[in-house]
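Hello,

Here is the structure I said I would pass on. Please open it first, then read my notes below.

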Amino acid sequence: MPLSNSPAWQEFIAATRSAPKRGEQLRLISAPGLRLDLSAQAYSPALQKAEAALLAQQGFDAARARLFDGGNANWTEERAAWHTALRAPEPPAMVAKAVLAERERLREFVRKADAAGRYGCVLHLGIGGSDWGPRLVTRALRHGGARREVRFASNVDSHSVADAMSRLDPHDTLVIVASKSFTTTEPLANAEVAMNWLRDAGVADPIKQVVAVTANVEAALNLGILPDHIFQIWDWVGGRYSLWSAIGLPIALALGNDVFDQLLAGAATMDEHFRTAPIEENAPVQLALAGVVNRSVLGYDSLVIAPYDSRLYHIVPWAQQLEMESLGKVATADGSPAGVPTGPAVWGMSGTDCQHTFFQWMHQDTAGAPVDFILCEQPAHAYARHHELLIANCLAQRSALLRGKTYEEALAETSATESDPERARLLARHRVHPGGRPSSLIVLPRLEAYTLGALLALYEHKVFTQGVIWGINPFDQWGVEFGKALAKSIMHELDSPQATEQDPSTRYWIDAIARRSSAS
Ligand code: F6P
């Protein structure tokens, strides 16, 4: 039976629509490393009951158990999705030896580099899940003092890797080629540029300054990378869920093994919370349910993530891949469509910059979008007053989105300054804020490895829970393959002109570029 026709879904819709006005009562959930404020989300005892029934109908408990036990969570690829094993203090027996061995290899590599004072710089070449996680964490935590300059290059556009290499010392740079498949165009193309860069700088044996992080060890060996410079990851962890593996090497090189351990510990504690907390006190589950209400019942097309902390700037693209590559699909386990709106578009920006960029739209557009605000109670700087301003702005934006401004309130404002009553009425029309706009607030005591690990695991489990509710697989990404295949066919045409079937515009540009490259 399609989800949309199921009794629990019908009850869920009815309870959502009859829920009282948001914001009437404080609704706070404490979880490891953070507190979640859902006061501005739909809530009622009836809705909570309907949500529990919906989770039961969708087999949430069994699905969650499969996730933690290494069961077939990624059913279209017949794989586990065992990112929780990567950060478990005691990984499950089936993978414990491999996980602990690679974790220790990573630590030992960092210890040796530190002891030898090697690699003042790191050039990390990966893309998607092999880039966003390490990039987010190193940028977020380097305020505490980084031991190494870590640069990231992901795009196949060589301007990107050139920019990343600028002013690095080739003789003191470690190149990390991070690719789970070791077939992705971008990191391999960038590895070629990096190797030439090392060679052109006179580095005696460039390959000795290259390490690989991959599930495809054979491909890394074929590239000439030394066996003890290859860190293994596994196909039972999805790329966008892999920063807890050796993909996190740049984090440990930049910030130290202890920081990486704290990151894992924060995520592992959130795992335990997700696994054991009662549904109504379970932060990932409640954040997931609020998102399903907003997306599938209230019809919001997107979700804004607004970290009111500039160190978390990269949480937006990290979450975009996590959420949109996991939930941007409609096919359920039996291939039938979910029948309800699924994964929202995710976008956003750090606050307070977002207020000066798109919050006009948030306040006065026809619909607007739900917002996840993220705040840290304690700053890591000495300007306490500025941190108060940051917090005040975050709370003010939430409040304005929720309460709105009525015509009467606006008219009282304009009448106070406009002597012409008709003009005052006109201007008031332009100052009405619909209000009633949902948001969640996630508050960390401070930004450190432990709290950041907990925050990222919160989102991973939220996405998983939404996948269970919608009946879709959050661990595959068939939608990224078609574009890659077409790019390969266009490259073949550029290399050896053959008139394949293309739309007129693509045909025009292939011919134009082919003409230009043959003329050069
Ligand atoms: O974007 C598609 C994708 O397969 C992601 O899922 C993945 O994180 C990224 O490409 C990089 O893949 P790899 O780590 O295999 O190079």
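F182 is found in the loop between strand 5 and helix 8 (185-200). One caution before going on: this is a predicted model.

F182 has a positive phi of about 55 degrees, and it is not a glycine. Is F182 buried or exposed? F182 counts as buried because its relative accessibility is 4%, and the cut-off for buried is under 20%.

R167 also has a positive phi without being a glycine; the value is about 65 degrees. R167 belongs to the loop between helix 7 (158-165) and strand 5 (173-178). At 78% relative accessibility, R167 counts as exposed.

There is a cis peptide bond as well. It joins G351 and T352, with omega about 15 degrees. T352 sits in the loop between strand 9 (345-348) and helix 14 (359-364). For context, most residues other than glycine have a negative phi, and most peptide bonds are trans.

Aromatic rings

How many aromatic pairs are there? The count comes to 17. One of them is F109 with F231, an edge-to-face pair. The centres are 5.5 Å apart, and the planes make an angle of 85 degrees. F109 lies in helix 5 (residues 93-116) and F231 in strand 7 (residues 230-232), so this pair ties together parts that are 122 residues apart in sequence. F109 is buried, at 12% relative accessibility. F231 is buried too, with a relative accessible area of 1%.

Which residues form one aromatic cluster? They are F60, F68, Y241, F274, F464 and F475. Another arginine, R429, lies over the face of Y407, at 3.7 Å from the ring centre.

Two buried positions

L312 is in the loop between strand 8 (302-307) and helix 13 (315-327). L312 counts as buried because its relative accessibility is 0%. What does L312 touch, leaving out residues up to four places away in sequence? Its contacts are L136, A140, P307, I374, L447, L452 and L455. If you want a distance across the model, take the C-alpha atoms of L312 and M94: they are separated by 35 Å. Along the chain, those two residues are 218 residues apart.

Q321 is in helix 13. Q321 counts as buried, with 12% relative accessibility. Not counting residues up to four places away in sequence, Q321 touches G128, G129, W132, R240 and S326.

Surface

Y508, W509 and I513 make a nonpolar surface patch of about 340 Å². Y508 is in helix 20 (residues 504-519). Is Y508 buried or partly exposed? Y508 counts as partly exposed because its relative accessibility is 47%, and that class runs between the 20% limit for buried and the 50% limit for exposed.

Points to look at

Start with the backbone. F182 and R167 both carry a positive phi, but F182 is buried and R167 is exposed. Then view the cis bond between G351 and T352. After that, go to the edge-to-face pair of F109 and F231, and to R429 over the face of Y407. Finish at the nonpolar patch that includes Y508.

Best wishes

Terms used:
Residues are numbered from 1 along each chain as its sequence is written. This is a predicted model: local features need pLDDT of at least 70, side-chain atom pairs count only at pLDDT 80 or more; totals for chains, interfaces and linings use all residues. Side-chain values use heavy atoms; hydrogens and water are left out. Helices (H or I, at least four residues) and strands (E, at least two) are DSSP runs, numbered from the N terminus. Buried means under 20% relative accessible area, exposed over 50%, partly exposed in between (1.4 Å probe, protein chains only). Contact means heavy atoms within 4.5 Å. Rings of Phe, Tyr and Trp (its six-membered ring) pair if their centres lie within 6.5 Å; planes under 30 degrees apart count as stacked, over 60 as edge-to-face and the rest as tilted. A charge sits over a ring if NZ of Lys or CZ of Arg is within 6 Å of the ring centre and within 35 degrees of the ring normal. Patches are made of residues with over 30% relative accessible area and no salt bridge: like charges are joined within 9 Å, nonpolar side chains (Val, Leu, Ile, Met, Phe, Trp, Tyr) within 5 Å. Accessible areas come from the Shrake-Rupley method with a 1.4 Å probe; for residues, only the protein chains shown count as cover. A salt bridge is a side-chain nitrogen of Lys or Arg within 4 Å of a carboxyl oxygen of Asp or Glu.
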